[in-house]
Amino acid sequence: MITKDRLYRPVEMRLADEDMVIEGRAVVYDSPTVLFEADGIEYKEIIERGALTNAKMDDVVLVYNHDGKPMARTRNGSLELIHTDAGLDIRADLSATREGREMYESIKAGLLDKMSFSFVADKDTYDRNTHTRRVRSIKRLFDCSIVDFPAYDKTLVYARSFFEAEAEKERVEAREALELARAKYDYLEVE
């Protein structure tokens, strides 16, 4: 039986004030995400780098909370999916529907600032010791969603200029590089 998994991921979105285009990151690779907690045990999921390489993504929609009328879609070109080393980025023109224009205004106002996506896993593994599911390959991507309450709270959507968005990307990359260097240093100290 094929089921749709829903996964909430960090997103970095940029709004261009001259049009109703949003940009963001819907999927982040190699980042453990706690999807469930029971009896003090955190159950995590990791989407591995390259998991979307062979995924069917010819008709993906952008919706609100995984439901409702599409605000953008790949089939008509209003939603673009962009593979990067870090994950899957999106670019969407929300001007075609009333729902899209309202969503744009809500994101611009900072009322909505999170993303998610739904998919069917093709290949995955589960480690009982770490309680971690690793999604190695995704068969099909159904949607990218703007959501109220994601499982992964590091997501964000913001309205600002192109240069402010670029500066924020550089700050995030610098922070990630510093965390990686610290983790490597800690590992070397243990040996």
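## Close-up views of a predicted model

**Figure 1. Asp 59 and Arg 75 meet side chain to side chain in a salt bridge.** The N to O distance is 3.0 Å. Asp 59 sits in the loop between strand 5 and strand 6, and Arg 75 in the loop between strand 7 and strand 8 (79-83), so the bridge ties together parts that are 16 residues apart in sequence. The model is predicted. Arg 75 counts as exposed, because its relative accessibility is 58% and exposed means over 50%. Asp 59 has a relative accessible area of 16% and is therefore buried, the limit being under 20%.

**Figure 2. Arg 73 also forms a salt bridge with Asp 59.** Here the N to O distance is 2.7 Å. The two residues belong to distant parts of the chain: Arg 73 is in strand 7 (residues 67-73), Asp 59 is in the loop between strand 5 and strand 6, and 14 residues separate them. Is Arg 73 buried, partly exposed or exposed? Arg 73 counts as partly exposed, with a relative accessibility of 22%. Asp 59, by contrast, is buried.

**Figure 3. Asp 30 and Arg 49 connect two loops.** The pair forms a salt bridge whose closest N and O atoms are 3.2 Å apart. Asp 30 lies in the loop between strand 3 (21-28) and strand 4 (33-38), while Arg 49 lies in the loop between strand 5 (41-47) and strand 6 (61-64). The two residues are 19 residues apart, and the pair links distant parts of the chain. Asp 30 is partly exposed, at 36% relative accessibility. The whole structure holds 13 salt bridges.

**Figure 4. Strand 4 and strand 5 form a hairpin.** The two strands pair in the antiparallel sense. Five bridges are found between them. Ala 38 has Ile 41 of strand 5 as its bridge partner. Two residues lie between the strands. Asp 39 is in the turn and has a positive phi of about 55 degrees.

**Figure 5. Phe 36 and Tyr 43 as an aromatic pair.** A pair of aromatic rings is described by the distance of the centres and the angle of the planes. The count of aromatic pairs comes to two. One of them joins Phe 36 and Tyr 43, with 5.8 Å centre to centre and 50 degrees between the planes. This pair is tilted. Tyr 43 counts as partly exposed, because its relative accessibility of 26% falls between the 20% and 50% limits.

Figure 6. Leu 52 lies in the loop between strand 5 and strand 6. Which residues does Leu 52 contact, leaving aside its neighbours within four places in sequence? They are Val 27, Tyr 29, Met 57, His 83, Leu 88 and Ile 138. Leu 52 and Gly 87 are 35 residues apart in sequence. Their C-alpha atoms are 8.7 Å apart in space.

**Figure 7. Asp 89 makes a polar contact with Arg 25.** The contact runs from side chain to side chain, at 2.6 Å. Asp 89 is in strand 9 (residues 87-93). Asp 89 counts as buried, because its relative accessibility is 16% and the limit is under 20%. Leaving aside neighbours within four places in sequence, Asp 89 is in contact with Gly 24, Arg 25, Glu 80, Leu 81, Ile 82 and Thr 84.

**Figure 8. The chain as a whole, for orientation.** The protein chain has two helices and twelve strands. From the N terminus on, the order is β-β-β-β-β-β-β-β-β-α-β-β-β-α. Of the 191 residues, 42% are buried. Among contacts with a separation of 6 or more, 64% are between residues 24 or more positions apart. The accessible surface of the protein chain comes to about 11100 Å². Carbon and sulfur atoms account for 49% of that surface.

Conventions. Residues are numbered from 1 along each chain as its sequence is written. This is a predicted model: local features need pLDDT of at least 70, side-chain atom pairs count only at pLDDT 80 or more; totals for chains, interfaces and linings use all residues. Side-chain values use heavy atoms; hydrogens and water are left out. A salt bridge is a side-chain nitrogen of Lys or Arg within 4 Å of a carboxyl oxygen of Asp or Glu. Helices (H or I, at least four residues) and strands (E, at least two) are DSSP runs, numbered from the N terminus. Buried means under 20% relative accessible area, exposed over 50%, partly exposed in between (1.4 Å probe, protein chains only). Rings of Phe, Tyr and Trp (its six-membered ring) pair if their centres lie within 6.5 Å; planes under 30 degrees apart count as stacked, over 60 as edge-to-face and the rest as tilted. Contact means heavy atoms within 4.5 Å. Accessible areas come from the Shrake-Rupley method with a 1.4 Å probe; for residues, only the protein chains shown count as cover. Two strands pair if DSSP finds at least two bridges between them. A polar contact is a pair of N or O atoms within 3.5 Å; within protein, one must be able to donate a hydrogen and the other to accept it, and residues adjacent in sequence count only if both atoms are side-chain atoms.
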